Amino acid sequence: MIANVLGSLRVTMNGESVVPAAPKARKVLALLVLNPGRVVQTDAMEREVWGARSPRSATTSLQNYVMQIRKHLGRTLPGDTGSARAKQILVTEQTGYRLAAQDDQFDVRRYHALVAEADAAEAAGDLAEASALIRCALDLWRDEPLADLPTGPVLQSHVMRLEENRKAVLRKRISLDLQLHRYEVVGELRALAALHPYDEMFHECLMIALDRTGRRNDALSVYQSLRSALAEGIGLEPSARLRELQKAILVSDDSLTPAVPQGGIRV
């Protein structure tokens with residue numbers, strides 16, 4: 001099975017799609033893919049599909065959605081035992097359902113594996129390899145998670161968790177690149193600072209990259225823009241670290257380095 005959720009939902013077996021057309025059945029499949037090998041509780045599925053108020057027919061309807069997915073699975077399996085084998089892949093448990101795909105290729109698993117490899121490379125002192133591995137991990141993202149699927153409360157929590165992790169991994173990669181003196185990230189950082197006007201990490205990295213390339217006035221302008229955005233938007237001042245960075249730039253002190261997330265980045 002090949003399952004991709006870092007973008008639109010794509011799940012295939014033997015080269016054929018097993019994604020049902022019905023939106024509610026697709027939600028059930030997405031929950032199973034995001035929890036491979038683990039039991040997804042029926043109440044979690046019901047909350048995702050119907051929200052806080054499930055109809056009396058919820059249990060029967062949920063069984064029908066599982067049946068739809070199994071039918072799609074069975075059609076991709078050779079021989080006359082496709083239906084039975086589909087039940088071995090999408091397993092009924094006492095409290096819910098479990099996806100037990102063998103030899104699976106899930107983009108989320110690959111993403112986390114690459115980030116873990118990057119953590120190990122950084123710990124070994126190979127910052128260039130760590131940066132390269134993180135780039136490979138981020139390249140797996142085709143769009144927002146489950147971009148083609150209207151998500152309910154349970155799937156939305158998964159999406160938010162993935163998005164926050166992606167942001168943390170991106171911060172790590174940029175910090176590594178700055179430590180490697182790759183100041184060509186200025187353009188990328190400008191775009192990120194515009195997309196995340198209150199994110200001090202992106203602004204901090206942009207200030208450092210600009211200062212290191214002899215653009216002190218531009219670096220100070222970034223600080224002033226951030227300060228204005230924070231004050232007008234949420235009524236806060238920049239952190240002590242950002243204020244220290246501004247002072248360091250004013251006196252041409254290059255001792256400060258971008259903050260790097262400590263330890264491995266996990267979900």
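Which residues are exposed on the other side of helix 4? They are Lys 87 and Gln 88, where exposed means over 50% relative accessible area, buried means under 20%, and partly exposed lies in between, with a 1.4 Å probe and protein chains only. Before going on, a word on the model: it is predicted, so to speak of local features takes a pLDDT of at least 70, side-chain atom pairs count only at pLDDT 80 or more, and totals for chains, interfaces and linings use all residues. Residues are numbered from 1 along each chain as its sequence is written, and side-chain values use heavy atoms, leaving out hydrogens and water.

Back to helix 4, which spans residues 82–89. Helices here are DSSP runs of H or I with at least four residues, strands are E runs of at least two, and both are numbered from the N terminus. The buried residues of helix 4 are Gly 82, Ala 86 and Ile 89. Because they cover an arc of only 55 degrees around the axis, they sit on the same side of helix 4; the arc is taken from the directions from the helix axis to the C-beta atoms. Their cover includes strand 2 (10–13), helix 3 (58–76), strand 5 (90–92) and strand 6 (96–99), with contact meaning heavy atoms within 4.5 Å.

Next, look at a pair of helices. Helix 7 (residues 153–179) packs with helix 8 (residues 186–195) at an angle of about 145 degrees, and their axes are 12 Å apart. Those axes are lines fitted to C-alpha atoms over the stretch in contact, and angles run from 0 to 180 degrees between N-to-C directions. Helix 7 brings Leu 170, Arg 173 and Ile 174 to the contact, while helix 8 brings Glu 188, Leu 189 and Leu 192.

Now go to helix 11 (residues 240–250). Here Leu 242, Leu 245, Gln 246, Ala 248 and Ile 249 are buried. Down the axis of helix 11 these residues fall within an arc of 160 degrees, so they line one face of the helix. Helix 9 (200–212) and helix 10 (216–234) are among what covers them. Gln 246 has a relative accessible area of 16%. Apart from its neighbours within four places in sequence, Gln 246 is in contact with Met 207, Leu 220, Tyr 223 and Gln 224. After helix 11 comes Ser 252, with a positive phi near 60 degrees.

Last, the cysteines. Cys 136 is partly exposed at 40% relative accessible area, whereas Cys 205 is buried at 1%. The count of disulfides is 0, taking a disulfide as a pair of cysteine sulfur atoms within 2.5 Å.
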